[in-house]
Amino acid sequence: MSNVKTFTQSEIAPLNSLDEWEEDVLKRYPEQEAPAKAKEAFRNYETPVRDTVREFYKLNHTYQTFDFVQDKRKEFLSFGKREMPVWDAFQFLNQLVDDSDPDTDLDQFQHLLQTSEAIRADGHPDWMVLVGLMHDMGKVLCLFGEPQWAVVGDTFPVGCGHSEKVVYPEFFALNPDSNDPVYKAELGIYKAHCGLRNVTMSWGHDEYVYQMMKNSLPEPGLYMLRYHSFYAWHREGAYDYLLDDHDRDMLKWVKLFNPYDLYSKNPEPPDWTKLKPYYVGLVNQYLPPTLKF
Ligand SMILES: [Fe+2]
Ligand SMILES: [Fe+2]
């Protein structure tokens, strides 16, 4: 029996919208690392938008303990909540609307389509186009009432020490695992170079969509899904002591995917009517007719 904590509304939704997290990631990793742009991002550091992100990470780093993740895995990875045709699932995901800025922001499906279209335009394999299309499907967790910090945000390993290279590392002092004699050690419950497949990550939309798709895509695509928010690894090179050769080999794929996620956002919505035949074919080729949630 788990003692499930109840969260207040402000703890469940510290951000005005999920997009605030991604906008913050974009400030951290601007497309061209031009000095002027980096400076601008730095100046924005103390804006009110930034404060909601700060509060978001405080909650994320406080409550994402090893036990919390185990509870969520038990709750969601049996996929017994709902089953729907793939295209209905996108409509379901789109119920996640951004209240803060309904006029200018693209909906979730448009972000997915812009990501997949950018991948397709560069001539990458069709399974990678599908990764672009599906990579944020796990955000439906929010529609099941999950707190924002248990759906999005940079991910990190649990059950071992927290790297200083995870964003806002100071908030890990609030995490009970930081006082656990086993979990607080650098390797924690893991063996050196055990491979990420043996490491439990903080809970969120990456792991959820990976588990949903794990029988449908080639290995590099699965790495893209599972670790796309693990910035401390794919951008900062942290946690080397947990990696095995396979992870090191797969890193290039995770890195290849990341710019399409971060930098493909365009105010112009894609022309779905034109694109539909291609995507219906793509989904039919790789995915079962229905998705389980
Ligand atoms: Fe994502
Ligand atoms: Fe995304």
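Biologist: Is His 111 buried or exposed?

Modeller: Buried means under 20% relative accessible area, exposed over 50%, and partly exposed in between, using a 1.4 Å probe and protein chains only. His 111 has 6% relative accessibility, so His 111 counts as buried. His 135 counts as buried because its value is 0%. Asp 136 and His 205 are buried too. This is a predicted model, where local features need pLDDT of at least 70, side-chain atom pairs count only at pLDDT 80 or more, and totals for chains, interfaces and linings use all residues. Side-chain values use heavy atoms, without hydrogens and water, residues are numbered from 1 along each chain as its sequence is written, and chains are lettered from A and ligands numbered from 1 in the order in which they are written.

Biologist: Which residues coordinate the iron ion (ligand 2)?

Modeller: Donors are N, O and S atoms within 2.8 Å of the metal (3.2 Å for Na, K and Ca); water is not among the atoms, so sites may look incomplete. For the iron ion (ligand 2) they come from His 111 (NE2), His 135 (NE2), Asp 136 (OD) and Asp 261 (OD), at 2.2 to 2.4 Å. Along the sequence, these donor residues are spaced H-x23-H-D-x124-D.

Biologist: Which residues coordinate the iron ion (ligand 1)?

Modeller: Asp 136 (OD), His 205 (NE2) and His 228 (NE2) do, at 2.0 to 2.1 Å. Their spacing along the chain is D-x68-H-x22-H.
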